[in-house]
Amino acid sequence: MAAAKRRNADHSGRLTITQDLHDALVIYGLGQPESPVKLMTLSAQEALTTRAIRNARVILGGIAAEPQRLTEKLKLLNRRFVALMLEQLEVDGSTQEYLGYSRVVDEDSVWTLMMLRHALQYGGLIRVRSGKLQVTSRGRELQAVERAGELYGVILEALLTRVNLAMRDGYPEDSAMQDHIPFALFRLGTSIREPLPLFAFADRMPHDEDVWSSEPISGELLGLHAMRALHGGLTVRILRPLQEFGLIDCEQDASGSGFPRRGCSREELASWFNRHGDRCWNLTPLFDHVIALEVDGRLVSLEQVDTPQPVVTLFPPECVMSLEEAIGTFTEIAIQQEGLSAEVVGLAMTMLEIAVVSDTDEYADETPVEQAIVKMPMVVRMNVKRVDSIKHAALVALFSAVFSAFARWAEEIGQARYRISRSALMRLEPLDILDAENSAYPGVVGEFGAPWLN
């Protein structure tokens, strides 16, 4: 594993992400020497604060005490051992609810047990010998309390890079979601410094758009969020594993229930499914102890990546700009200070004003500027669909750049809150990727091509 001691990380200064660094984030997998995302080594004390490591040590101890046979057909842990583990493992609330009304429990019904067992196996800490699952000599070494930091690094990398996180979760197959773990970690480390609901950043996490429906499937529950499947897939394949390792956390829904109650109405069931997207996620302090970027031979915390400071409160009415006033002020700055084309800025802002004027949606507490920022990704998408030449594709990229500059400017002067500008900016990154060969619009610098970054 490409790892480095935490004390070597450089937390000074700010970092601007270059195109080359973005390319490397996408091209190289976690653990490859060329990948700029590195896993740093925790102390034993830090590692033991995480549920994943405490549970991994329980599983190692159970197998060390008595080697276990796997079931013949599915190669799962036998039910007797599963029952023994469930008496000792720490599991989340939804798993506890499931276990409360399940008479027979197999390994694949307990996410924590199944995923950690596979991570231990792929990490070389347990293996099948003479028909039984046994602890290896390396596993016995890392079972020691003082080696918990090393255990953390081994099984985290094995889980994210070698275990199929999509096994048996029922969601569509999507290799992009796990193949681009470094970019997923980068995205989380720079986007949820303040709590954000999943629906605000889900479509900017690595995934293949062709796999996940953006419209409700015929016959699904009335009121079901169109991206329910994507929210669920990201939760169980990316967010939940990182939560088990103490890197991110989420605000639980108000009911605290992991499963819908028996006999609930169809509306209640749809509401339960939608909570995947409603819950807010945020980083834990441990994230920056584990994840870092290697830039020019030094390790930099993702906290140091250059992003605007969050504005999270409502503005006094007397300080709120009208959209016309904001566009006028921004246009002057964009042309004079930023050197942007007056024609392009004017056209982009005109399109934005038209979109806002024609919008019939009701907004609870968003200012006119925030309402415009919310509409910006939609304006770009509408023009992407009408791309019929290289020239027009380049113009769409310029519109996106102008809109991104407007969102950042509005946030910096206190006219847009962090959650609103961040959500828009994550949808307005035409220069993130990056693979010209696979782009739907070849020949344009900074293509829109990768579907999971649009």
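Two strands count as paired if DSSP finds at least two bridges between them, and strands themselves (E, at least two residues) and helices (H or I, at least four) are DSSP runs, numbered from the N terminus. What you see is a predicted model, where local features need pLDDT of at least 70, side-chain atom pairs count only at pLDDT 80 or more, and totals for chains, interfaces and linings use all residues. Residues are numbered from 1 along each chain as its sequence is written, and side-chain values use heavy atoms, leaving out hydrogens and water.

Let us start with a hairpin. Strand β4 (residues 126-129) runs antiparallel to β5, joined to it by four bridges. Within this pairing, arginine 129 stands opposite lysine 132 in β5. Two residues lie between the strands, and serine 130 takes a positive phi near 55°. In a regular strand the side chains alternate between the two faces of the sheet.

Next, look for an open sheet of three strands in the order β6-β8-β7, with antiparallel pairing. Its edge strands, β6 (196-197) and β7 (248-250), each pair on one side only. Two bridges link β6 to β8 (residues 280-283), and leucine 196 stands opposite tryptophan 281 in β8.
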